[in-house]
Amino acid sequence: MSVGNVYILINEAMPGYVKVGKTGGSVTDRMKALDSTGVPLPFECFYAAKVNDMNFVESQLHDAFQDLRVRDRREFFELDPARVAAALKLAEVEDVTPRDDVVDTPDDQKALDSARNNAVASTWR
C-alpha cells in the first residue's frame, strides 16, 4: 500500500472538467507543479483526501468515471466534481483539501479572481 493524497482539481479556464490525480507529497505542491505546465489559470482544489492506498483509490475513481473521461491517457473527466468527492470520501483517512488559493504571485491571484467574477457574471445573463 502507498499512503498518499488523491485530489480533485477544477480550473476556471476549463469549466465542466475535473482532474482526478494522486500525489505522495502535498496537494499544494502538486498544484504548484501543475500551474507550471502551461495552463492559463491556477488549479483550485475542490476536494482532497489522504488515503491508505493512493494508487488503488485513484485507479478505482478513474475506472468508475471512465465513460466521462476526456482522453484515455489524461486524468480529466467531464462531470460534477461533487460526484467524485462523494466516491473519494469512502476511502478518506483525512480531509487534506487546501482551503486557500494556491498562487505564486499577486498577478496569479488577480487572474483567478477575475475569472471567477466573469464566471459568476455569465451565469446571471
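A search of the whole structure, which is a predicted model, finds 6 salt bridges, a salt bridge being a side-chain nitrogen of Lys or Arg within 4 Å of a carboxyl oxygen of Asp or Glu. The structure also holds 1 aromatic pair; rings of Phe, Tyr and Trp (its six-membered ring) pair if their centres lie within 6.5 Å, and planes under 30 degrees apart count as stacked, over 60 as edge-to-face and the rest as tilted.

Because the model is predicted, local features need pLDDT of at least 70 and side-chain atom pairs count only at pLDDT 80 or more, while totals for chains, interfaces and linings use all residues. Residues are numbered from 1 along each chain as its sequence is written, and side-chain values use heavy atoms, with hydrogens and water left out.

- Glu58 and Lys22 form a salt bridge through their side chains, with an N to O distance of 3.4 Å.
- Glu58 belongs to helix α2 (residues 54-64) and Lys22 to strand β2 (residues 17-23), so this pair ties together parts that are 36 residues apart in sequence. Helices (H or I, at least four residues) and strands (E, at least two) are DSSP runs, numbered from the N terminus.
- Glu58 counts as buried at 7% relative accessibility, whereas Lys22 counts as partly exposed at 31%. Buried means under 20% relative accessible area, exposed over 50% and partly exposed in between (1.4 Å probe, protein chains only).

- The closest N and O atoms of the salt bridge between Asp113 and Arg116 are 3.4 Å apart.
- Both residues lie in helix α4 (residues 106-123), where a separation of 3 residues is about one turn of the helix.
- Asp113 has a relative accessible area of 30% and is partly exposed; Arg116, at 21%, is partly exposed.
- One network, made by salt bridges that share partners, joins Asp113 and Arg116 with Glu44 and Asp101.

**Salt bridge of Asp95 and Arg99**

- Asp95 pairs with Arg99 in a salt bridge whose closest N and O atoms are 3.0 Å apart.
- Asp95 counts as partly exposed at 30% relative accessibility, while Arg99 is exposed with a relative accessible area of 64%.

**Charges over rings**

- The charged end of Lys19 sits over the ring of Phe76, at 5.5 Å from the ring centre. The criterion is NZ of Lys or CZ of Arg within 6 Å of the ring centre and within 35 degrees of the ring normal.
- Lys89 lies over the face of Tyr47, 5.1 Å from the ring centre.
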